[in-house]
Amino acid sequence: MPVSVAARRQDSHVVRASNQSLRVALLGCGVVGSAVARLLTEHAADLAARVGRPLEVVGVAVRRAGRDRSETGVDASLFTTDADELVTRADLVVEVIGGLEPARSLLLRAMAHGASVVTANKALLAEDGPRLYAAAAEHGVDLYYEAAVAGAIPLLRPLRESLAGDDVRRVLGIVNGTTNYVLDKMDTTGAGFADAVEQAQALGYAEADPTADIEGFDAAAKAAILASLAFHTRVAGTDVHREGITEVTAADVAAARQMDSVVKLLAICERTDKGVSVRVHPAMIPRSHPLAGVREAFNAVFVEAAAAGELMFYGKGAGGDPTASAVLGDLVAVARHRVSGGLGPGESRYADLPVLDVGEALTRYHISLEIED
């Protein structure tokens, strides 16, 4: 009886895993990558016990060689600028370089050579998730990406696995720590938008160019991923209606306070009788709502399901160690699959619901008018 190429490749990995360590290639050694490398070294014994085989870092791809990266605990000889070659000799590839290219090409190359992939790349998943899922299915490997949304918060796996038997109706949340910090400071200290952004930059919560955060691009990519998982429908980043917080003024925040509310940038994913509505925009939330109390740069996501009811996931949505925690959780999961010979769940898009225009979303608006008298 003929055996598929993917099945033969999977069997070969099982044989190797039963006798040797699993080879890990790390793409990127920035804030998150450095934390991943360090934790892999510090917790090597525990991770080996949890997986059933040691995890051996066989290379770390970086853009520039020669920099001092001793804090990672990785042998200097493992750093390489040849990522193309590195991914061809690994069982597991961790991608934390971000952006569309070369990340996309590297992950496709890794999967073609039989490596399972763990990524934190929300932009790539929102842009080209179906292609990555198709490649994973074709080559019989895993594609995991818990760290792509909400950092350390276990959110995607509950949506993809724990709630697989339920009917998720709504996902509502704060998924960008930078904007939450800015809006929180505007509310609690009365700071203007520009001053609050400067504070966020000074503390490392915002980039020198904060456009991706304050204009809602980051949150929109995450909303696309959440909606795709929750509603078993392909939702791209371009399907998400997006409004940032640059137009939110101190007067808007004060008006919300007068109504005992707070302004938050929300990712809102809803399933209706007509289809799926996905949008990101500033919204007023009553202070009695749990999301209103999410302070500083923290994230929180509300999930409403038919049987489970209301669930809330809260925690640090960014940062080196918190994001690395999610990456390592995925790495342990895909490594266990290699040892046992199985695979995790792939893309679920059976519902194939239409993605609605924002004009079809039912919501409420606050209108503020300035008059002479």
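Colleague: I have this predicted model open. Which residue just after H9 takes a positive phi?

Modeller: That is Gly 204, with a phi of about 85°.

Colleague: Let's stay with H9, then. Which residues of helix H9 are buried?

Modeller: H9 runs over residues 193-202, and its buried residues are Phe 193, Ala 196, Val 197 and Ala 200.

Colleague: What do the buried residues of H9 pack against?

Modeller: Their partners are two helices, H8 (177-188) and H10 (211-214).

Colleague: And which exposed residues does the face turned away from the buried side carry?

Modeller: You will find Glu 198 and Ala 202 there.

Colleague: Now the whole chain. How many helices and strands are there?

Modeller: The chain has 13 helices and twelve strands. Its radius of gyration is 22 Å, close to the 21 Å from the globule rule for 373 residues, so the chain is as compact as a globular protein of that length.

Colleague: What share of the residues counts as buried?

Modeller: The figure is 52% of the 373 residues. Sequence separation is worth a look too: among contacts between residues at least 6 apart in sequence, 71% join residues at least 24 apart.

Colleague: How many positive and negative side chains does the chain have?

Modeller: There are 36 positive and 49 negative ones, and the centres of the two sets lie 7 Å apart.

Methods
Residues numbered from 1 in each chain as written. Predicted model: local features only at pLDDT ≥ 70, side-chain atom pairs only at ≥ 80, totals over all residues. Heavy atoms only, no water. Helix = DSSP H or I, 4+ residues; strand = E, 2+ residues; numbered from the N terminus. Rg over C-alpha atoms; globule rule 2.2 N^0.38 Å. Buried < 20%, exposed > 50% of the residue type's maximum accessible area, 1.4 Å probe, protein only. Contact = heavy atoms within 4.5 Å. Lys, Arg positive; Asp, Glu negative; His and termini not counted. Charge placed at Lys NZ, Arg CZ, Asp CG, Glu CD.
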